[in-house]
Amino acid sequence: MSNSVHKGGCACGKVSVEARGEPYRVGVCHCLTCRKLHSMPFSFYAVFPPDAVTITGKVDVFASSEHGRRYFCPACGSQVYSHYSRADEIYVYPGSFDETGLWQPTYELWTIRRDPWLPGFPSIISRYEKDRPKWSRTEPA
């Protein structure tokens, strides 16, 4: 595991995020929930063990589905992180980090809803029409 530490936070600076080491996996999701919640054609996230991520500052939570909770800064509305069915993983959004280009996605979910004008991501190893068919901590290399 890498000893790297990456720092970032919300748009107004009232919430900070720090991620240590490398994520389990990095993905892109085109599902309707992600599209609507982010007001974007996809969501981009890095999945870490919870003990590798430190969140500082006040966050509020909202349920985005029966399986997930998303946490955001109540002052500026920036989404900071998410938890889904598995409590042993935390999803952080690479766009909230101060440094750009930290991680490249290796898989895409819900490609059935992928906008046809999007170019391909060269780092993608796996594409799934809907959800990942089998749970695993990482994507195959």
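1. A residue is called buried when its relative accessible area is under 20%, exposed when that area is over 50%, and partly exposed in between (1.4 Å probe, protein chains only). By this criterion, 42% of the 141 residues of the protein count as buried.

2. The model is predicted, so that local features need pLDDT of at least 70 and side-chain atom pairs count only at pLDDT 80 or more, while totals for chains, interfaces and linings use all residues. Residues are numbered from 1 along each chain as its sequence is written, and side-chain values use heavy atoms, with hydrogens and water left out.

3. The protein contains 1 helix and 11 strands, where helices (H or I, at least four residues) and strands (E, at least two) are DSSP runs numbered from the N terminus. Their order from that end is β-β-β-α-β-β-β-β-β-β-β-β.

4. The C-alpha trace spans about 35 × 35 × 25 Å along the principal axes. Among contacts (heavy atoms within 4.5 Å) between residues at least 6 apart in sequence, 51% join residues at least 24 apart.

5. A search of the whole structure finds 0 disulfides, a disulfide being a pair of cysteine sulfur atoms within 2.5 Å.
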